[in-house]
Amino acid sequence: MSILSWALPAALAMLALAMVLTLVRLLRGPAAQDRVLALDCMYLNGMLLMLVLGMQFASAHYFEAALLVALFGFVGSTAMAKFLLRGEVIE
Amino acid sequence: MSTADLPLWAEVAVAALALLGAGIALVGSLGLLRLPTYFERVHAPAIIATLGLWCIMHASIVYFSVLGRSLALHPLLIALFIAITVPVTNIFLMRAALFRARRAGQSVPPNLSHKAAPEAENS
């Protein structure tokens, strides 16, 4: 009881700090592919945050949210990468 | 209801795995922020998708298995899904970045997938 009550909030804080670092790269990235890569990494960090939140509140409902975040991250990143690959072929 | 009652070994295992996974996520994000060029930066999130995700997934499996007193393997589904989808996304992103770098005239390796024109190979 005493270990998890500080270890899981510490893990949540580290994941939130990781998301902030990714957000800095997302806002500052010099090219478009840097921003897409940072958004993909941010989806991964958010999914890990959802898994740790599910352990923090002892609820299995966060698992489905994490699965949805992973799914939308894959679809969004792949669509944006294909746009980067194809949007300049037309140009 | 912060956390439920777990035995001590399960608490130590879950805490160690969750902290290790979160620390690896922090290291990967710091690498994404600090590395100088795009082709070095694209390697940094791979450690989040492999080692960090698998650490937190094992923490979740141990936590829910001990909590529910039965084997809970549903976090393995996320890890398998990520293991399938992250290489696809990364290959698309790297191909897009190589295409844009070739278009911008930077010194990247030439295209090997189909026959390039002879004057385009020394660019």
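How many residues does the contact take from chain B and from chain A? The contact takes 51 residues from chain B and 46 from chain A, two residues being in contact if their C-beta atoms, placed from the backbone, lie within 7 Å. The model is predicted, so that local features need pLDDT of at least 70 and side-chain atom pairs count only at pLDDT 80 or more, while totals for chains, interfaces and linings use all residues. Residues are numbered from 1 along each chain as its sequence is written, and chains are lettered from A and ligands numbered from 1 in the order in which they are written.

Select chain B, which has four helices and zero strands; helices (H or I, at least four residues) and strands (E, at least two) are DSSP runs, numbered from the N terminus. The order of elements from the N terminus is α-α-α-α. Of the 123 residues in chain B, 34% are buried; a residue is buried if 20 or more other C-beta atoms lie within 10 Å of its own, exposed if 12 or fewer, and partly exposed in between, with C-beta atoms placed from the backbone. Among the contacts in chain B with a separation of 6 or more, 54% join residues 24 or more positions apart.

Now colour the side of chain B that touches chain A. Two or more residues come from each of α1 (8-34), α2 (38-41), α3 (46-68) and α4 (75-103) of chain B. Helix α4(B) gives the most, with 16 residues. By class, this side of chain B has 35 nonpolar, ten polar and six charged residues. Here Ala, Val, Leu, Ile, Met, Phe, Trp, Tyr, Cys and Pro count as nonpolar, Asp, Glu, Lys and Arg as charged, and the others, Gly among them, as polar.

Show α3(B) together with α1(B). Their axes come within 8 Å and cross at roughly 160 degrees; axes are lines fitted to C-alpha atoms, for helices over the stretch in contact, and angles run from 0 to 180 degrees between N-to-C directions. That makes α1(B) roughly antiparallel to α3(B), since angles under 35 degrees count as roughly parallel, over 145 as roughly antiparallel, 65 to 115 as roughly perpendicular and the rest as oblique. The crossing of these two helices, α1(B) and α3(B), is left-handed, the term for a near helix turned anticlockwise from the far one by less than a right angle, with right-handed used if clockwise. Residues of α1(B) that meet α3(B) include B:Leu17, B:Gly21 and B:Ile24. The contact of α1(B) with α3(B) comprises 18 nonpolar, four polar and no charged residues.

B:Arg69 has a positive phi of about 55 degrees although it is not a glycine. B:Arg69 is exposed, with 7 other C-beta atoms within 10 Å.

Move to chain A and select helix α2 (residues 32-56). Of its 25 residues, 21 are buried. One residue of α2 of chain A to pick out is A:Met50, which counts as buried with 22 C-beta neighbours inside 10 Å. Leaving aside neighbours within four places in sequence, A:Met50 is in contact with A:Tyr62, A:Ala65, A:Ala66 and A:Val69.

Bring α3(B) back into view. How do α2(A) and α3(B) pack: at what angle, and how far apart are their axes? The angle is about 15 degrees and the axes of α2(A) and α3(B) are 10 Å apart; the two helices, α2(A) and α3(B), are therefore roughly parallel to each other. Helix α2(A) passes α3(B) in a left-handed crossing. Among the residues that meet are A:Leu48 and A:Met55 in α2(A), and B:Leu53 and B:Tyr63 in α3(B). The contact of α2(A) with α3(B) divides into twelve nonpolar, four polar and no charged residues.

Finally, select A:Ala58, in the loop between α2 and α3 (61-90) of chain A. A:Ala58 has a positive phi of about 55 degrees although it is not a glycine. A:Ala58 is partly exposed, with 16 other C-beta atoms within 10 Å.

Conventions. Expected span 1.5 Å × (residues − 1).
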